[in-house]
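I opened this notebook to keep track of what I looked up, one entry at a time. Come along and check each entry against the picture.

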Amino acid sequence: MRSVHLAAVLLSLLLTSFSLMAQDAERLRPFVLAETSQTPLEAKLQSVQAALGQAGFSIAGEYVPYAGAHILIITDESLRKQAAGSPLGGYGAALRVSLTEQGGAVQVSYTDPRWMGNVYRMAGDFKTVSDRLQAALGREKTFGSEGGRTVENLREYHYMMFMPYFDDQVELASYDSHQAALDAVEAGLAAGKGGVTLISRVDVIGKEESLFNVAVKQGTGADAPVMQIIDQAEMRHTAHLPYDLLVSGGKVYMLHGKFRIAQSFPDLTMTTFMKISDAPDGIEQALKLAAGGR
């Protein structure tokens, strides 16, 4: 009996070891293709919105950056709570779903929660929200990185040597309190400062942190012209947009442009990256104006 028990323990340890090795070796990608639909975009949008609502997600905002593209900012209570458990976890308080006309069909895609959670170094598990999105919208395949990235790689992700990491945050402005920072950002976005306007605001539960998704309409970092250059693959990366402002305490942050673009386009060639070399600075300048910075 003791030998049988010992064999069972050894087998359990072996299976656990294989499971951990498989998880570490698993390759993640930034986007999930839910489906390719022949339904016209507007009609498909209605069914996607209904499916998300039935799955318990709320739509915090919507964005049409250019013709043939529609983006939904989605969140729920679990995402807003989970975001409180990590430094600057508010970046992960919402996900993005996109519908894009391409090749006579509509691609329905969304940001992979596991990619986003790990690239933003968040604590907790992302399987539950992934499963809910799969059940609601589908999951044909992941895309956006040919070779994919491991969890370990994502948590220390950067485009290449000397390029910024997640923790190389850009501080756009500083205020005496969280409320003062929120008021300043709300006012700046309402006034369209820097050519930046509000799409959505998602407040983290249990922490003074709020995520603003914003549209950049002017300057060298404007959404449409930048995407026209970098988003040319068959599978569109539309859910890269929109950009983010994070109000944490009394400070207003943004992800460094070279990190934010690269985490959605990890396979972008340096030749293409150079074509938008002014975009990261342009985005920073626009968002700094919107946040009330100098």
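**Entry 1: a buried threonine.** I began with T238, which is buried, at a relative accessible area of 0%; buried means under 20% relative accessible area, exposed over 50%, and partly exposed in between, with a 1.4 Å probe and protein chains only. T238 sits in the loop between α8 (223-230) and β10 (243-248). Helices (H or I, at least four residues) and strands (E, at least two) are DSSP runs, numbered from the N terminus. Which residues does T238 touch, not counting those up to four places away in sequence? I found Y66, A69, I71, S98, T100, M227 and D231, where contact means heavy atoms within 4.5 Å.

**Entry 2: ground rules.** I noted that this is a predicted model, in which local features need pLDDT of at least 70 and side-chain atom pairs count only at pLDDT 80 or more, while totals for chains, interfaces and linings use all residues. Residues are numbered from 1 along each chain as its sequence is written, and side-chain values use heavy atoms, with hydrogens and water left out.

**Entry 3: a buried aspartate.** Next I looked up D112, in the loop between β5 and α4. Is D112 buried or exposed? Its relative accessibility is 2%, so D112 counts as buried. Leaving aside neighbours within four places in sequence, I listed R29, P30, F31, V32, S130, R139 and T142 as the contacts of D112. With T142, the C-alpha to C-alpha distance is 7.9 Å, although D112 and T142 are 30 residues apart in sequence.

**Entry 4: helix α2.** The expected span is 1.5 Å times one less than the number of residues. I then marked L41, K44, L45, V48, A51 and L52 as the buried residues of α2. Why do they share a side of α2? They cover an arc of only 130° around the axis, which puts them on the same side; the arc is that of the directions from the helix axis to the C-beta atoms. On the face turned away from this buried side I found the exposed residues E42, Q46 and Q54. The cover over the buried residues of α2 includes β1 (31-37), β2 (58-63), β3 (69-75), β4 (95-102), β5 (105-111) and α5 (127-137). Just after α2, G56 has a positive phi of about 95°.

**Entry 5: helix α7.** I put α7 (residues 178-190) through the length check too: its 13 residues reach 18 Å from first C-alpha to last, close to the 18 Å expected. In α7, H178, A181, L182, V185, G188 and L189 are buried. They lie on the same side of α7, because their arc around the axis is only 135°. Among the elements that cover them are β8 (196-203), β9, β10, β11 (251-254) and α11 (279-291).

Entry 6: How many cavities of 30 Å³ or more does a search of the whole structure find? I got 2. On a 1 Å grid over the protein atoms alone, a cavity is a set of points where a 1.4 Å probe fits but cannot get out, and a pocket is an open set with protein on both sides within 12 Å along at least five of seven lines; lining residues have an atom within 4 Å of a point. The largest cavity holds about 60 Å³, and its lining is L79, Q82, G92, L95, P113, M116, G117, M122, F126 and V129. The elements giving two or more residues to that lining are α3 (77-82) and α4 (113-119), and α4 has the largest share, with 3 residues. The second largest cavity holds about 50 Å³.

**Entry 7: open space.** The largest pocket has a volume of about 290 Å³. Of the 20 residues that line it, I noted E26, R114, D125, F126 and K127 as the closest to its centre. α5 gives the most to this lining, with 4 residues. The second largest pocket, about 250 Å³ in volume, is lined by 15 residues, and G144, A233, H237, D267 and L268 lie nearest its centre. For these volumes, grid points are joined across faces, edges and corners, and a volume is the space filled by probe spheres set on the points.
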